[in-house]
Amino acid sequence: MARRRFACVLTALLLAGCSGLQLAYNQADVLLSWRADSYFDFDAQQKQEFHRRVERLLVWHRREQLPEYARFAHTAAERAKDGVSRDDIVWLVDGMKKHYRTIVDRGVADAAELLATMSNEQLRALPRQWSKDNHRFVDDHDLDGSAEEQKRARLNRTLTQIGEWTGSLSRMQEQRIEQLLDAVPLIEHLRHQDRLRRQREFQELLNLRAQRAEFQLKLHAFLAGWERGR
């Protein structure tokens with residue numbers, strides 16, 4: 001029964017999404033421009049160029065990829081009718097990774113060209129924003145606290161995230177989620193270390209941006225192989 005309920009929720013999310021996700025997707029050009037500018041101190045021309053390239057990517061994505069997502073969601077719904085197996089989850093994750101790599105393949109050339117125009121002075125905004133993000137990650141996961149405090153932070157964060165998708169949870173449901181989470185090892189400190197490693201790697205990669213062909217190849221490998229070296 002638990003697997004069936006999970007399958008129903010998963011299918012509903014894939015097929016319908018939520019209004020928040022739909023709003024974010026519809027405003028993706030504005031959100032991405034704002035977010036990118038917080039990491040890279042764009043000048044006026046770079047902002048305009050970023051917006052143009054993102055809009056072109058989104059036009060392609062809506063035309064070519066959304067129908068693929070619909071087919072993927074339909075297949076997921078069919079597989080979930082009789083419950084969700086480990087193979088179903090592996091298939092789902094592999095499919096999501098494939099769609100991600102498709103976006104990387106399409107957008108990496110534009111990303112490399114734009115990053116190649118960045119000056120050293122502009123890139124100084126990057127570690128400052130990372131520092132803010134990393135501090136927030138430590139606080140959100142209570143990494144400076146005890147194991148019990150970290151578990152409590154994880155539980156609260158998980159309940160909030162699930163509640164945003166499903167609405168209010170009963171006390172029994174919250175207790176069941178807590179029991180399931182107790183069996184999961186605390187790995188947030190490893191995630192934090194991996195974030196720092198990836199940031200260092202990206203900063204080193206940016207030093208190659210003047211060598212356009214090599215930079216694009218290595219940027220593609222960096223983005224497509226997100227889990228490499230973890």
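The legends below describe close-up views of a predicted model. Local features need pLDDT of at least 70 and side-chain atom pairs count only at pLDDT 80 or more, while totals for chains, interfaces and linings use all residues. Residues are numbered from 1 along each chain as its sequence is written, and side-chain values use heavy atoms, with hydrogens and water left out.

**View 1. Arg 209 in the loop between α9 (188–206) and α10 (212–224).** Helices are DSSP runs (H or I, at least four residues), numbered from the N terminus. Arg 209 is buried yet has no salt bridge. Buried means under 20% relative accessible area (1.4 Å probe, protein chains only); a salt bridge is a side-chain nitrogen of Lys or Arg within 4 Å of a carboxyl oxygen of Asp or Glu. Glu 121, the nearest side chain of opposite charge, is 7.1 Å away. At 2.9 Å, the Arg 209 side chain reaches the backbone oxygen of Met 118.

**View 2. Contacts of Phe 215 (heavy atoms within 4.5 Å).** Beyond four places in sequence, Phe 215 touches residues including Ala 112, Leu 115, Leu 205 and Arg 209.

**View 3. The largest nonpolar core, with 22 residues.** Such a core is a set of buried Ala, Val, Leu, Ile, Met, Phe, Trp, Tyr and Cys residues joined through side-chain atoms within 4.5 Å. Phe 40, Leu 115, Phe 202, Phe 215 and Leu 219 have the most contacts inside this core. Its largest share, 4 residues, comes from α5.

**View 4. Helix α6 (residues 125–141).** Buried residues of α6 include Trp 130, Asp 133, Phe 137 and His 141. Asp 142 follows α6 and has a positive phi, near 50 degrees.

Methods
Helices (H or I, at least four residues) and strands (E, at least two) are DSSP runs, numbered from the N terminus. Buried means under 20% relative accessible area, exposed over 50%, partly exposed in between (1.4 Å probe, protein chains only). Lys and Arg count as positive and Asp and Glu as negative; His and the chain ends are not counted. A polar contact is a pair of N or O atoms within 3.5 Å; within protein, one must be able to donate a hydrogen and the other to accept it, and residues adjacent in sequence count only if both atoms are side-chain atoms. The expected span of a helix is 1.5 Å times one less than its number of residues.
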